[in-house]
Amino acid sequence: MARLELFVHLSLECQISVEGFINTLRWKNNLTVMEVNMLYRALVGESISQFRHYHFRRRSLVGLCDQFDDGTVCPACIKTDGTVIVALDANFGLVRKKSSGSSITEPLQGNRMFVRDEDVEEYVRSNPDNCQPTENCSKFKAGNALRSQNQQKKLDITGVFGASCRHEVPLIFLNMTHGERLAYPKYVITELMKKYKEKNINLHVLYDIACVLSRHFRKTGEGIPKGLSLAVPAFHVYGHKLQCQIMYSTRRVPGFGLTDGECMERLWSFLRRFSRVTKEMTPSHRLDLLTDALLYYGRRKSADLDVQLLQRWDKAEKIASIAEEEISAVLKESSISISEHDLQQWTETQRHVAQAAHLKTRDKEIVPRWKRNYVMKLTEINQLRSGSHQQDSLIEDESQLDRDLRIIERHHAVKRRWVPSDDIFQRTLRDVDQELRGQLIQRPQNEARERATLLNLKRRYNDGQGVAIRLSKQVNACNRKLKKIVTEYNNLQWPPQTGIFPSHLEFLELCDASSQLYTLFDEQIEDHGVVPKNLKSRAIEALHLKTRATEEKLLLKREMNTVILHLHQQHGHLSSAINDTADPGSKAVLHQTIIMLEKKMYSAMNMFKRFIEVGAPPPNHHLPEFNSYSQALMSPDLHYIDYDESIDDGEDEGDDDDNVDEGENSIDCDSSS
């Protein structure tokens, strides 16, 4: 029994397989091959799944206290009348091979974490086939895009889609049989909305392509459901175009506090380690192991939740202080007198402009197409006639240009051919120049962001690995696109008509996503020449950080109260169970559990008492040394140890390439299929 329990803990914490565990026992105890084979046959398959499930039921007090938390509820998330923040994401590493067999029995854990595959497939079929995020301004490629077609055909499950709360406690998961379709996040959101509807809870969702999902809701006529707010996680938002960053960044959308939205990435870094085991399992055994792993991960997060909330409070105070200093610096640096009220107006103006730009189905052309073509051909023919232009194979000859000009003039009733001195020619050329150069400079910014992201991903792999080779090809594709834009810009046949455009572009300059070249044409910030744009940008960012830090503190206070209330409720359930049972063994188990709960409760009360009214401890305590323990714990001299679990969760972050989104083509967040 002790060795089986050890295996359960090692399998969940260290992802050890049955074979690996038996080999460890073999070399530790000098077992023969016959003994190893006999032990393997005894453990593999149903027996170890049954024992792991028994271990879960014993820990969750199934049959002893049915109201006790089974690990599927976050102690800190609001239970009624408030807001719950969740993150959604897909993992394309948790696959299952078709050759791994089938299951005769249902999963022992049922639908505790994973929803029924049949329900998901029915929902996906009920949505149009084209409801998939093939177009998105981030342009990252998902695991499916990096996986070869031959590999794809061998799989019946291509990945896992799921959600966790902002405290990283797993909530709901499903198996994917396609790419990362929009039907999957819609299904998860629908299920969560049903769960929270009667509790008067608003749902704040973080998703890598929330911009696409939002537009899809509007396009299908459904509209964004009431009580739902969407945002893009902090890391992924910098791969989106500027309008999306302004409208969907967690640092700009109200109600998200300082939530970074990357909790699913940290969860995947833990869960993906099971992929080498689960890909060879039957469907039921695979779901049981993944469910146990998710429950274990949630238990790890819940165990240190009090420390986590205090660390977040410290972070919020530091960010608020930094933001205040930055705002003060901006106010001092400004050449005119400005106040925080002015900063607020700049912020609102920026958001209104971004929202208007985002709602356009396509960019409106400044100049009618025929005028653009007419002026460009006039410029070409004038340069040919002046002899100042050097012909090459791509330039039409003078006679062909003249014929094209006559066709345009006849079709649009131009009575006299324009000449460079005409006011209409100069005005049109200036508008064409602004439109073309502006587009050519704005286009490469997303390419530059994607290039930087791909290079960071590539550093996680050794040269020669299959994933590294495919990432290198994507980087080269970005380089070719950037070089093409440089060539197009530098080959324009007239000099810049305004002083804001450079006369020449360099490839390395375009590769830098933070280059001043891009902020120079930031149309989201109005500039009348009084306050520089970069100063306005700094002010707006600092004001957003200050606002989010204030929100974070309010969220944390509410969450601290929720944790204390949750622990009191659990204590009440355990006390009732102890009073209702006469079995000595059951009483002993319940008594041991309630003592552990009381230690956790008093630890949380001691940590939170500086920020909220924690109230009195439960009168019907079961801790033998309650008085001395309570007095020591309530002492103001008690210090807690900071424990940063992200050190563990950061391992193997790039193993399945699930932190990049699907799609092989150039992506535009204004389209959602």
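This tour visits a helix pair and then a sheet with a helix lying across it. The model is predicted, with local features requiring pLDDT of at least 70 and side-chain atom pairs counting only at pLDDT 80 or more, while totals for chains, interfaces and linings use all residues. Residues are numbered from 1 along each chain as its sequence is written, and side-chain values use heavy atoms, with hydrogens and water left out.

Select residues 533-580, helix α22, together with residues 584-608, helix α23, whose axes lie 10 Å apart at an angle of about 160°; helices (H or I, at least four residues) and strands (E, at least two) are DSSP runs numbered from the N terminus, and axes are lines fitted to C-alpha atoms, for helices over the stretch in contact, with angles running from 0 to 180 degrees between N-to-C directions. That angle makes α22 roughly antiparallel to α23, a term for angles over 145 degrees.

Next, show the side chains of the contact (heavy atoms within 4.5 Å), including M560, L567 and L574 of α22 and L590, L597 and F608 of α23.

Now move to the open sheet of five strands, ordered β5-β4-β1-β6-β7 with mixed pairing, where two strands pair if DSSP finds at least two bridges between them. Its edge strands are β5 (170-176) and β7 (228-231), and the twist averages 20° from one strand to the next. Select β6, residues 201-206, which pairs with β7 in the parallel sense over four bridges; L206 has A231 of β7 as its bridge partner.

Key. Parallel < 35°, antiparallel > 145°, perpendicular 65-115°, else oblique.
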